[in-house]
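Biologist: I am new to this structure. Please show me how to read its features, one at a time.

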Amino acid sequence: MSNIAKAFENGKAFIPFITCGDPDLETTGNIVREMVKNGASLIELGIPFSDPTAEGPVIQEANIRALSGGVTTDKIFDFVKELRKDIRTPFVFMTYANVVFSYGTEKFLTKCEEVGIDGIILPDVPFEEKEDFAPACRAHNIDFISMIAPTSEQRIEMIAKEAEGFIYIVSSLGVTGVRSEIKTDIAAITAAVRKHTKTPCAIGFGISTPEQAAKMAALSDGAIVGSAIVKLAAKYGKDAAPHIGEYVGQMTAALK
């Protein structure tokens, strides 16, 4: 069983996201430890990129802060290696194809395997182009996480049948960000996914409150939250870890 599969073994999974290096890697490390302590099932670690096309203003600004602070992909690999000395929670990198290409795909995935990354999400790589990455990921025991959006429709079957790790269901059209209401027919999407795969699916984009998380998790296998957490990192800076830990605790409790 993959490490990612274990995240979905004990009921609904809560999956928080954080941008590595916002405001610095030491703070990110403190945040990750608080997330683990408060019940995070799997953690998405964002590698900052100068043009994150799937992100709304909150995460875009976090990317800018992290890059301005001198964070690099190599520093993030070293950071993950340090975390892995005592943390077993599954880690997934969320970044963009250009970050991987410019580093060198084979070199990047070799490093991922070495430091203990379990999966990778590249939101700018459509299903039809995943063969640029997926075989190399498999060779290094890394799950290439597929995304299914409200517009996927006739493509859901083919995406679901080849899914690895978990499926990231995008709740809403547009970029990441907090939404007051999620109007997409998520139940229909998850039902379509489950017709074709036993791979767990979690819902992200727009979730910010315990009520929203519980509602989305009831329709799927878990909830993913990014912007609401990154907002707390922006608000509290170097002191953000306990505030984010408390928030993650509230969200995990809502899912139970």
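Biologist: Is Arg65 buried or exposed, or in between?

Modeller: Buried means under 20% relative accessible area, exposed over 50%, partly exposed in between (1.4 Å probe, protein chains only). Arg65 has 31% relative accessibility, so it counts as partly exposed. This is a predicted model: local features need pLDDT of at least 70, side-chain atom pairs count only at pLDDT 80 or more, and totals for chains, interfaces and linings use all residues. Residues are numbered from 1 along each chain as its sequence is written, and side-chain values use heavy atoms, without hydrogens and water.

Biologist: Which residue forms a salt bridge with Arg65?

Modeller: Side chains of opposite charge can pair when their charged atoms come close. A salt bridge here is a side-chain nitrogen of Lys or Arg within 4 Å of a carboxyl oxygen of Asp or Glu. Arg65 pairs with Asp22, with the closest N and O atoms 2.7 Å apart. The two are 43 residues apart: Asp22 sits in the loop between strand 1 and helix 2, Arg65 in helix 3. Helices (H or I, at least four residues) and strands (E, at least two) are DSSP runs, numbered from the N terminus. Asp22 is buried, at 2% relative accessibility.

Biologist: Where do Lys161 and Glu157 lie?

Modeller: An α-helix has 3.6 residues a turn, so residues three or four places apart point the same way. Lys161 and Glu157 both lie in helix 8, 4 residues apart. Their side chains form a salt bridge (2.6 Å, N to O). Lys161 is exposed at 53%, while Glu157 is partly exposed at 35%.

Biologist: How many salt bridges does the whole structure hold?

Modeller: The search finds 11.
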